[in-house]
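This report describes the fold, the nonpolar core and the ligand surroundings of one protein model. Please consult the sequence and the structure shown here while reading.

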Amino acid sequence: MGRIIAVANQKGGVGKTTTSINLAACLAEKGKKVLAVDMDPQGNLTSGLGVDKNALPYTIYEAMCGNCNIGECMIVHPLGDHKLNLSLIPAGRDLAGAEVDFIDVDKRQYILKELLSPIKDKYDFIIVDCPPALGMLTVNSMTAADTVLVPIQCEFFALDGLTQLIYTINLIKKKLNKALEIEGVVFTMFDARTNLSLEVVENVKNNLDQFIYKSIIPRNVRLAEAPSFGLPINLYDSRSSGAQGYRELAEEVINNKLYSGV
Ligand SMILES: Nc1ncnc2c1ncn2[C@@H]1O[C@H](COP(=O)(O)OP(=O)(O)OP(=O)(O)O)[C@@H](O)[C@H]1O
Ligand SMILES: [Mg+2]
């Protein structure tokens, strides 16, 4: 049975897209069948997987509008690596219009869910990269998802906004998606040379009553470089600390006890 994981945090620049790209690619490297879905009008997931977001006939927005079906906007094996079973549903700037375009649409929170439901079981994992806001696109992602994975940047204001994020997740669970669970929290951009990173990890562990992944993603310049080559970290620099971090996270996600009963 496929699992849909929404990677969400309304804070900008905390590592949502980096986590989406590299978790998806590392799950695929472990032999899983993976679909990555870009729900951010910035289209960073799309370009990070080597696809020109300005040259797409169809995107997730077109599918949400009913102008194409989900198969028509999907890019199968964008990395051209057929050993890595990773496909992409891309996004472009037009997705920014969705907040307004669907305002009067009945059941607008369920648009993504309805698009993904028929194909969900063709994949082991569907990873959805959310934009840095708690608007319609994130609500759609969480309504479609089984779980939410929350990246937390190791910086001073790490806990800020988490209360609101968890409140929103609980609201969606109550009103739109009863089965929704928090997959867990993952620390990103950890810098072992600073006390601050260590303090943030301790502080979050002491104050947040959520599952926290043991894998901690280090701050690694190779992770920041990889998207400009359109490659995930395991293909860009397989031996980097960033690749190691995301491989460990993928292993933990596969073994998350949330799914042990499934
Ligand atoms: N572990 C890391 N080490 C070094 N740089 C990183 C790491 N994770 C992310 N970055 C860099 O930090 C920036 C923000 O990361 P990313 O785009 O993944 O965040 P985001 O949460 O998706 O941002 P947004 O909210 O704008 O969508 C990017 O330039 C990315 O390359
Ligand atoms: Mg992003």
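A residue is counted as near a molecule if its C-beta atom, placed from the backbone, lies within 6 Å of that molecule. The model discussed here is predicted.

**Surroundings of the ligand**

Ligand 1 is surrounded by 19 residues, of which Lys16, Thr17, Thr18, Pro132 and Ala224 are the closest. Two elements, α1 and α10 (221-225), each give two or more residues to this shell. Helix α1 supplies the largest share, 3 residues. The composition of the shell by residue class is set out below.

| Class in the shell around ligand 1 | Number |
|---|---|
| Nonpolar | 6 residues |
| Polar | 10 residues |

In general, strands of a sheet pair through backbone hydrogen bonds, in either a parallel or an antiparallel manner. In this model, 7 strands make up an open sheet of mixed pairing, with the order β3-β4-β2-β5-β1-β6-β7. Its edges are formed by β3 (75-76) and β7 (181-188), each of which pairs on one side only. Within the sheet, β2 (residues 34-38) pairs with β4 (residues 86-89) in the parallel sense, over 4 bridges. Val37 stands opposite Ile89 of β4.

Nonpolar side chains tend to be buried together in soluble globular proteins. The largest nonpolar core of this model has 75 residues, and those touching the most other members are Ala24, Val34, Ala36, Ile60, Ile127 and Val128. Helix α1 (residues 16-29) contributes the largest share of this core, 7 residues. Apart from residues up to four places away in sequence, Val128 touches Ile4, Ile5, Ala6, Val7, Val37, Met39, Ser141, Ala144 and Ala145.

**Leu180**

Leu180 is located in the loop between α8 (162-175) and β7. Is Leu180 buried or exposed? Leu180 is buried, because 21 other C-beta atoms lie within 10 Å, and burial requires 20 or more. Its contacts, leaving aside neighbours within four places in sequence, are Met142, Ala145, Val148, Ile169, Ile172 and Lys173. The C-alpha atoms of Leu180 and Asp146 are separated by 5.1 Å, although these residues are 34 residues apart along the chain.

Technical notes: Residues numbered from 1 in each chain as written. Chains lettered and ligands numbered in written order. Predicted model: local features only at pLDDT ≥ 70, side-chain atom pairs only at ≥ 80, totals over all residues. Pairing = 2+ DSSP bridges. Core = buried A, V, L, I, M, F, W, Y, C linked by C-beta atoms within 7 Å. Buried ≥ 20, exposed ≤ 12 C-beta atoms within 10 Å, placed from the backbone. Contact = placed C-beta atoms within 7 Å. Nonpolar A, V, L, I, M, F, W, Y, C, P; charged D, E, K, R; others polar.
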